[in-house]
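Walk through this model with the coordinates open.

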Amino acid sequence: MLHSLSTTDFTNLWSGSSWIILTIILFVSRWAFSKFNASDAEKGPRQVGHTIPFIGHALTMAKDKKTFFMNALKENKYQPFWILVAGRRHYIFSDLTDAGAIHKNENDISIRNIKSFLYTQVFGVSKPDADLIWDVNKEAYSVDRRWLLGREEQDKITSQYFRHVDHHMNGLTRRILQSDGKEISVDGLLTVVYLEGTSTIQTFYGDTTLRKHPQILEDMIYVVTKGFKPILFGVPRVLAPKPYAARDRIISAFAELAEELDQRDDVSGYFQERYTYINSRGVSRKAIGADMFRHLFASLLNSLPTTYLAVLHILQSEELIRAIRLELTTAGYNNISPEQRVEVLPEKTPLLRSVWFETLRMHNNLITLRNVERETNIATRPEWTLPKGAVVSVPAVLIHYNETLHPEPDVFQPTRFLDRSMGGKGENAGRTLKPFGGGSSYCPGRVFGEKQLMGFVAELVMRFDVELVEEEFAVPPVSDFDDLWKQPRSHWKLKQKVQN
Ligand code: HEM
Ligand SMILES: *[C@@H]1O[C@H](CO)[C@@H](O)[C@H](O)[C@H]1NC(C)=O
């Protein structure tokens, strides 16, 4: 199914998510120009200068956000600073306590404009529908939290997911047994995308959705890796028919699902509840389809790269593979059904858990964006005024590469987040990582995401002898999907593992 994708050579200078960020910045600046008065904001952080007026920073940020922010912070002696982006002040914070204070002041420093922009511009939703979705968000979010974080409900979702992963892994096993040398070589990224992606779609949206619309995953990848630029800049459809077509195929597949929700008994209870509610509030079918598309983005675009990168790290260390296998064997993994894996992952796999956090720490490239709705300050910086119309940002890399919080930040240390009592470094992920945003939009999938990764990784190392094929491949610095897609691919050699 994904074969056509493997030959894709995406050589554009700009990547999808970079364009999102650039466009958000430019878009937001439209109204900033009229409202923002630069002279009344002197009681605040210093500016870090830039090279090209107005769009200089937007370009730098979009091309290599990580290096840019790290250098700018250093240049400003590790204090908060601001940069001028398309005429608008972006206040950049790097401290965890600041991040907490920003997320607490949600009325004044809000995500609303950012979200609304995504719905209208990226997903093509009308302004009234986008407003309605904002209104139903609070209730919908509590449904998310219950199904994705509540123990019992989450176990239901996760056991379905593990069952699907198991099924697709059987397919890989069959391919190995049918091959001449009882050994196959697979494209690592495509394998993660296909296995984890398909299993996730089946789990939430149901088999029927995927059977009726088998191109959903491929269309999503197309939109993310090639289609963002024209969509974001509102290039007329006649000039860029393919991106719009791919986006709209997904949205109409999901709008159809919304229409037939009662008849589809393979849709998760979670989606039944979430979308029955949103439907009851008068949101249009098309907008519901768009919301389901946003959910697809949320549930895959971070998880898939994180899993792929974790595997790349794991496969480079025989010792680590052995340790993960031992942990799983000790936890009884070999003797349980896919559904029972919810009792093992992650409670009995602290090493794998540490690997998940360490991968997020090193590669997550989130930039929290908030809009300052009215002149305000944050509790940690009472003397500073954040002017109305400014943007507040917390780039995760500035926290994740802070040497005080994470000694030797450039080194991948699989046991960094493992308890000292188990021989690890004992860092506390909950307190020192910020990959999931915060406040009222704090990622509700943060625990399921871990299980997506573990379900895949555990099966991979327990079923197969797996090795990196000796070839040029990169360990991409950041986990943005579009970036990853362009990097030299790793290939994995799979054989059936001799059971022990
Ligand atoms: C590596 C895995 C993941 C990462 C790093 C991640 C990160 C994030 C971040 C940063 C946000 C909030 C943005 C903000 O507040 O500024 C977010 C929101 C969200 N995430 Fe995740 N996420 C991950 C996995 C998942 C998964 C697996 C799901 C679903 C099963 C999910 C569902 C959501 C949803 C629905 C929201 C929006 C909440 C709202 O309504 O505002 N995420 N995620
Ligand atoms: C790094 O983390 C420490 C401990 O939380 C904090 O005091 C410091 O301000 C952080 N550095 C930066 C540049 O934010």
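Predicted model: local features only at pLDDT ≥ 70, side-chain atom pairs only at ≥ 80, totals over all residues.

Cysteine 443 sits in the loop between helix H19 (429-432) and H20. UniProt lists Cys443 under "binding site", in an unreviewed entry. The cut-off for buried is 20 or more. Setting aside neighbours within four places in sequence, cysteine 443 is in contact with Phe436 and Gly437.

Which residues are closest to ligand 1? They are Asn302, Gly437, Ser441, Cys443 and Gly445, out of 24 residues that surround the ligand. Four helices each supply at least two residues of this shell: H7 (127-149), H14 (285-300), H15 (303-315) and H20 (448-463). H7 gives the largest share, four residues. By class, the shell around ligand 1 has ten nonpolar, 13 polar and one charged residues.

Ligand 2 is next. Its surroundings are Leu73, Tyr78, Ser94, Asp95, Leu96, Asn402, Thr404 and Leu405. Here the classes are four nonpolar, three polar and one charged. One of these residues, Tyr78, deserves a look at its backbone. Tyrosine 78 has a phi near 65 degrees, a positive value in a residue other than glycine. Most residues other than glycine have a negative phi. Tyrosine 78 is placed in the loop between helix H4 (65-75) and strand S2 (81-85). With 13 other C-beta atoms within 10 Å, tyrosine 78 is partly exposed.

Two further backbone features follow. Lysine 182 also has a positive phi, about 50 degrees, and is not a glycine. Its loop lies between helix H8 (151-178) and strand S5 (183-187). Lysine 182 has 11 C-beta neighbours inside 10 Å, so it counts as exposed; the limit for exposed is 12 or fewer. The other feature is a peptide bond. From leucine 345 to proline 346 the bond is cis, with omega near 5 degrees. Most peptide bonds are trans. Proline 346 is placed in the loop between helix H16 (318-330) and helix H17 (350-363).

Of the 18 residues of H9, 17 are buried, so the helix is largely enclosed by the rest of the structure. Glycine 206 follows H9, and its phi is positive, near 95 degrees.

Step back to the whole chain. It holds 21 helices and eleven strands. Buried residues make up 43% of its 500 residues. Among contacts between residues at least 6 apart in sequence, 77% join residues at least 24 apart.

What lies in the interior? The largest nonpolar core has 88 residues, and among them Phe254 and Val457 touch the most other members. Helix H11 (residues 216-232) gives the most to this core, with ten residues. Look again at valine 457. Apart from neighbours within four places in sequence, valine 457 is in contact with Thr307, Ala310, Val311, Ile314 and Leu352. A second, separate core has 30 residues, including Ala72, Val85, Ala390 and Leu398.

Alanine 379 is found in the loop between strand S7 (376-378) and strand S8 (381-386). Alanine 379 is exposed, with 12 other C-beta atoms within 10 Å. In sequence, alanine 379 and alanine 101 are 278 residues apart. In space, their C-alpha atoms are 5.8 Å apart. Not counting residues up to four places away in sequence, alanine 379 touches Ala101 and Lys104.

Terms used
Residues numbered from 1 in each chain as written. Chains lettered and ligands numbered in written order. Near = placed C-beta within 6 Å. Nonpolar A, V, L, I, M, F, W, Y, C, P; charged D, E, K, R; others polar. UniProt positions renumbered as here; feature names shortened; annotations may be inferred. Contact = placed C-beta atoms within 7 Å. Core = buried A, V, L, I, M, F, W, Y, C linked by C-beta atoms within 7 Å.
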